[in-house]
Amino acid sequence: MILAASVALAAGGRSADRPPPAGRSDWPQPNQNLRSTRSAAGSRIDAGNVTRLRVRWRFAIPGRPTFSGLLASTPLVVGGRVFVQDLNSNVYALDLSTGRLRWTRRYRRVDGGPNGLAAAGGRIFGNTDTSTFALDAASGRQLWSRRLTNPAQPITIAPVVSRDRVYTSTTGQHPGGRGALYALDAASGAVRWRFDTIREPWPFPHEASGGGAWNPVSVDEAGRVYAGTSNPYPWGGSRRHPNGGAYRGAALYTDSLLALEGRSGHLVWYDQATPHDIRDYDFQVSPILATVGGRKLVVGAGKAGRVHAWDRETRRRVWVARVGRHANDLGPTLPTRPVRVCPGLLGGVETPMAYAEGRLFVPLVDLCMRENAYGFPGVGFYALDYSKGRGELVALAAGSGKRLWTRELPSPDFGCATVSRDVVFTATYDGRIYGLNVKHGSLLWQARARAGINACPAVVGSTLLVGAGADHPAFAKPRYELVAYSLPDAAAARTT
């Protein structure tokens with residue numbers, strides 16, 4: 001059913017001004033473009049001027065933090081406005097130059113994240129935990145809302161818009177859950193198709209669940225959709241069904257790369273990165289589409305700490321590269337005694353990679369965990385202190401998977417990778433933001449936010465946008481905010 005909704009506007013009333021259409025240097029999709037390269041088109045920030053970045057404005061995110069914090073999404077920029085969604089599903093529209101609030105659309109629906117938005121045709125598209133919606137970009141007025149699921153099997157992804165279709169996904173997080181990919185009509189919200197990411201019935205549906213996607217899909221030039229899927233549950237297993245006995249066999253299509261026809265949702269091909277996953281090794285980060293040496297590649301990764309590249313035409317794996325620490329991480333079983341597993345539950349490649357000029361940039365979390373055939377003895381997911389982990393940003397040759405350089409970081413890298421010319425940005429859980437040289441990983445610039453970071457930066461023109469919305473023990477009184485770092489006008493003019 002299409003729902004009508006009110007909109008809460010900033011002081012001064014509804015803006016009658018419609019933002020100008022998207023320009024070449026805008027950031028309209030959660031990963032900048034449909035290929036998910038997270039490489040800023042038309043940006044002015046480079047290795048020669050990055051040291052001149054200074055805070056231009058800060059926008060405080062109101063509300064109560066969720067388990068994942070208060071802000072984990074990538075901000076959009078379209079027509080001189082910034083659009084960002086918090087983890088209570090609320091949407092804010094700001095002026096790019098000043099940070100002034102233009103409008104707010106409040107949903108007050110807790111979302112596990114990373115969530116986020118997409119823009120197309122003067123509209124902003126997003127999700128709550130249960131529904132997908134479209135807003136008027138100028139005013140924040142809700143145009144439509146489509147309920148797809150319930151809070152037990154939520155939506156946690158940012159949508160992607162292509163060819164008048166909105167692509168999103170549910171996740172199967174509670175017993176019996178079966179995550180599904182959806183295509184909705186961008187004009188009305190009508191469901192065009194649904195693809196169930198769990199191929200066979202669960203043998204024990206009272207216990208097993210899983211599937212779906214929680215990072216944005218990618219779309220190629222022919223309209224084909226590529227998605228990385230999440231793991232089966234319960235993690236590890238249970239006393240009754242150890243070593244994943246509740247989801248016997250490969251558990252397709254969990255931990256897989258899926259290629260679907262965008263118009264119909266028909267499955268064209270797939271490859272499973274981790275069959276019968278008992279370690280929570282989602283293959284979840286957005287697949288990157290790139291042409292390297294004349295070969296059309298799709299590159300995916302996830303919490304197993306392995307980056308995979310396929311030839312999109314032959315559909316065969318070209319290379320697999322291992323990143324980070326590894327121990328007891330292979331095979332469909334674990335012993336009944338606890339052993340150290342690396343990557344652990346919140347390790348590996350947690351957030352999206354970036355690509356530019358033949359190089360892949362992979363953010364990494366090095367965090368191990370004690371696990372056994374029954375799950376995670378002693379410390380569960382909600383008690384895990386992931387501030388104890390460390391991070392890396394790794395550069396790989398996209399054509400071969402060869403490691404080019406590694407930058408070690410003192411805190412988990414939950415902040416994706418984002419490229420601006422010859423600078424790659426990332427951000428870590430302890431609130432630090434790094435600008436590194438793309439060729440050799442040397443540190444060019446660094447800043448510290450006033451809260452932890454598990455959100456992804458965006459770059460538009462001479463501005464770097466970073467959301468700091470995570471709890472970290474280093475901050476007694478964290479300030480959850482979106483921060484704009486900009487070049488001085490003179491520096492920006494010299495690099496235009």
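**Strand pairing and local backbone features of the predicted model**

Four strands form an open sheet in the order E26-E27-E29-E30, and their pairing is antiparallel; strands here are DSSP runs of E with at least two residues, numbered from the N terminus, helices being runs of H or I with at least four residues, and two strands are taken to pair if DSSP finds at least two bridges between them. The edges of this sheet are strand E26 (354-356) and strand E30 (403-409), each of which pairs on one side only. From one strand to the next the twist averages 20°, where axes are lines fitted to C-alpha atoms, for helices over the stretch in contact, and angles run from 0 to 180 degrees between N-to-C directions. Within the sheet, strand E27 (residues 359-366) and strand E29 (residues 390-397) run antiparallel and are joined by 8 bridges, and proline 363 has leucine 393 in E29 as its bridge partner.

The model is a predicted one, in which local features need pLDDT of at least 70 and side-chain atom pairs count only at pLDDT 80 or more, whereas totals for chains, interfaces and linings use all residues. Residues are numbered from 1 along each chain as its sequence is written, and side-chain values use heavy atoms, with hydrogens and water left out.

Strand E7 (residues 117-120) pairs with E8 in the antiparallel sense over 4 bridges, with leucine 117 standing opposite glycine 126 in E8. The hairpin of E7 and E8 has 2 residues between the strands, and glycine 121 in this hairpin takes a positive phi near 60°. E8 also pairs with strand E9 (residues 131-136), again in the antiparallel sense, over 5 bridges; the two are joined by a hairpin through 3 residues, and isoleucine 124 has leucine 135 in E9 as its bridge partner. Strand E8 (residues 123-127) is mostly covered, since 4 of its 5 residues are buried (buried means under 20% relative accessible area, exposed over 50%, and partly exposed in between, with a 1.4 Å probe and protein chains only).

Serine 89 is located in the loop between strand E4 (81-85) and strand E5 (91-95), and this residue is buried because its relative accessible area is 0%. When neighbours within four places in sequence are left aside, serine 89 is in contact (heavy atoms within 4.5 Å) with Tyr107, Arg109, Asp111, Asn127, Thr128 and Asp129. The C-alpha atoms of serine 89 and tyrosine 429, which are 340 residues apart along the chain, are separated by 21 Å.

Cis peptide bonds occur in the model from glycine 113 to proline 114, with omega near 15°, and from leucine 252 to tyrosine 253, with omega near 5°. Proline 114 belongs to the loop between strand E6 (101-105) and E7, while tyrosine 253 is placed in the loop between strand E18 (232-233) and strand E19 (256-260).

Positive phi values in residues other than glycine are found at arginine 38, where phi is near 50°, and at aspartate 280, where phi is near 65°. Arginine 38 lies in the loop between strand E1 (8-9) and strand E2 (54-60) and is buried, with a relative accessible area of 0%. Aspartate 280 occupies the loop between strand E20 (267-272) and strand E21 (288-292), and counts as buried because its relative accessibility is 2%.
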